[in-house]
Amino acid sequence: MSLIKFNNRNRLFPSWNNESLKSFLSTDDFFNNDFFEEDSLMPAMNIKEHDQDFEIEFAAPGFSKKDFEVTINDNILNVCGEKKQEKESKNDDYTRKEFSYNSFKRSLNLPKSVNIDQDIKATYKNGILKLNLQKKEGKKEVPKKVIEVL
C-alpha cells in the first residue's frame, strides 16, 4: 500500500472545512444558533408509565414552587415555568442593576387512559418537578389470543 498526498490546490478555500464555508456565506448565522431554538430552552423530561399512573419529571433547577403553573385544558397538559430576578446595588459613584429572566412552556397530549377528573399530584424537590397522573379504572387489556389454523 502506498500513501498519496492530498492535493489542496483545487479547493477554493483550502484552509476552511465545509462547515466554516457555510457559516461564512450565511447571513443569518447568529439567529440560527441553537440558543434561539425553542427546544434548547426546554427542560429535560422523563415519562414513566406504571400500572396505576403516569409519572412525569421535568429538570428545572433554580426555580421555586411558586414559579410553576400546571394546567390541563382539552386533554392537554401545560407546564409553564417563569423566574424573574433583579439585583441593584448603589454606591457613591455608580449604580449597577442586573436582571435575569428564565421561562419555558411544555404541552403534552394526554392519553385517553389518564383520569383528569382525579387530583394530579405535583411536587418540586432538588430541581425536579414531578407530576403523578392517575389512570382511569376500566377494563384491562386482554392479551392477544392466537388461533391456530388447521
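**Entry 1: Asn78**

I began with the neighbours of Asn78: leaving aside those within four places in sequence, Asn78 is in contact with Glu69, Val70, Thr71, Lys105, Arg106 and Ser107. I note that the model is a predicted one. I then looked up the position of Asn78 and found this residue in strand S4, which covers residues 76-90. The relative accessible area of Asn78 is 13%; the cut-off for buried is under 20%, so I recorded Asn78 as buried. I also examined its side chain, which makes a polar contact of 2.6 Å with the side chain of Ser107.

**Entry 2: aromatic pairs**

I next asked how many aromatic pairs the structure holds. The search returned four aromatic pairs. Of these I inspected Phe68 and Phe104, an edge-to-face pair with 6.3 Å from centre to centre and 65° between the planes. Phe68 belongs to strand S3 (residues 68-73) and Phe104 to strand S5 (residues 95-109), so this pair ties together parts that are 36 residues apart in sequence. I found both Phe68 and Phe104 to be buried.

Tyr124 is buried, as is Phe68.

I then looked up the grouping of these rings: Phe63, Phe68, Phe104 and Tyr124 form one aromatic cluster.

**Entry 3: a charge over a ring**

Lastly, I checked Phe54 and found Lys135 over the face of its ring, at 5.0 Å from the ring centre.

Note on methods: Residues are numbered from 1 along each chain as its sequence is written. This is a predicted model: local features need pLDDT of at least 70, side-chain atom pairs count only at pLDDT 80 or more; totals for chains, interfaces and linings use all residues. Side-chain values use heavy atoms; hydrogens and water are left out. Rings of Phe, Tyr and Trp (its six-membered ring) pair if their centres lie within 6.5 Å; planes under 30 degrees apart count as stacked, over 60 as edge-to-face and the rest as tilted. Helices (H or I, at least four residues) and strands (E, at least two) are DSSP runs, numbered from the N terminus. Buried means under 20% relative accessible area, exposed over 50%, partly exposed in between (1.4 Å probe, protein chains only). A charge sits over a ring if NZ of Lys or CZ of Arg is within 6 Å of the ring centre and within 35 degrees of the ring normal. A polar contact is a pair of N or O atoms within 3.5 Å; within protein, one must be able to donate a hydrogen and the other to accept it, and residues adjacent in sequence count only if both atoms are side-chain atoms. Contact means heavy atoms within 4.5 Å.
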